[in-house]
Amino acid sequence: MLSNSKAFSGFSVNDIQKAKEFYGQTLGLEVSESNGLLTLHLPGDNKVLIYPKPNHAPATFTILNFPVDNVDKAVDELTKRGVRFEIYNQPDIKTNEKGIMRGKGPTIAWFKDPAGNILSVLEQQAG
């Protein structure tokens, strides 16, 4: 029944206009707005719905991953655009001073949107 459905994911934010500026201007993604909702238009005809929620609580896990060729370059570029990367020093998650974790799985760096949701850039393996 659902095997032919074009499923999509969504997440909440506490301020649609701040989200629109962050995803559209800071991250440089294509964003459309309709009926108070945002849609991220990602490569491959993928879409993600962003909706307002008055009692929004940020996700405690990564809600959106952006594969990149080089995490260091992505972190440097996004930092120039005002993105602040998370620094972790936990037994299972340790990042360097730029917020990049290496050696345990893919090279990855986490950051948050204005609503506190966790996003990442992770290095895709050439293949």
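This is a predicted model: local features need pLDDT of at least 70, side-chain atom pairs count only at pLDDT 80 or more; totals for chains, interfaces and linings use all residues.
Residues are numbered from 1 along each chain as its sequence is written, and side-chain values use heavy atoms, with hydrogens and water left out.

Let me start with the whole chain. The protein has two helices and eight strands, where helices (H or I, at least four residues) and strands (E, at least two) are DSSP runs numbered from the N terminus. Reading from the N terminus, the elements come in the order β-α-β-β-β-β-α-β-β-β. The radius of gyration is 15 Å, close to the 14 Å that the globule rule gives for 127 residues, so the protein is as compact as a globular protein of that length. For that comparison, the radius is taken over C-alpha atoms, and the globule rule is 2.2 Å times the number of residues to the power 0.38. Along its principal axes, the C-alpha trace spans about 40 × 35 × 25 Å.

Now to the sheets. As a reminder, strands of a sheet pair through backbone hydrogen bonds, either parallel or antiparallel. Here two strands pair if DSSP finds at least two bridges between them.

Strands β3 and β4 are antiparallel and are joined by five bridges, with Thr-39 opposite Leu-49 in β4. These two strands form a hairpin with three residues between them, and Gly-44 in the turn has a positive phi of about 80°. Strand β2 (residues 30-34) pairs with β3 (residues 37-42) in the antiparallel sense, again over five bridges, and Ser-32 stands opposite Thr-39 in β3. Their hairpin has two residues between the strands, and Asn-35 takes a positive phi near 55° there.

The other open sheet also has four strands, in the order β5-β8-β7-β6, and its pairing is mixed. Its edges are β5 and β6 (100-101), each with a single partner strand, so one side of each is left without a neighbour in the sheet. Helix α2 packs on this sheet, touching β5, β6, β7 (108-112) and β8, and its direction makes about 140° with that of β8. Strands β5 and β8 (residues 118-123) run parallel and are joined by six bridges, and Pro-67 stands opposite Leu-122 in β8.

Between α2 and β6 there is a loop that holds Ile-87. Ile-87 and Phe-111 are 24 residues apart in sequence and 9.1 Å apart in space, C-alpha to C-alpha.

Finally, the pockets. On a 1 Å grid over the protein atoms alone, a pocket is an open set of points where a 1.4 Å probe fits, with protein on both sides within 12 Å along at least five of seven lines, and lining residues have an atom within 4 Å of a point. The largest pocket has a volume of about 290 Å³, a volume being the space filled by probe spheres set on the points, which are joined across faces, edges and corners. What lies nearest its centre? Of the 14 lining residues, those are Leu-27, Leu-29, Phe-66, Val-68 and Val-121. The largest share of this lining, four residues, comes from β5.

The second largest pocket holds about 170 Å³ of space, and its lining takes its largest share, three residues, from strand β4 (residues 46-52). Among its lining residues are Lys-6, Phe-8 and Asp-45.

How values were computed: Contact means heavy atoms within 4.5 Å. Axes are lines fitted to C-alpha atoms, for helices over the stretch in contact, and angles run from 0 to 180 degrees between N-to-C directions.
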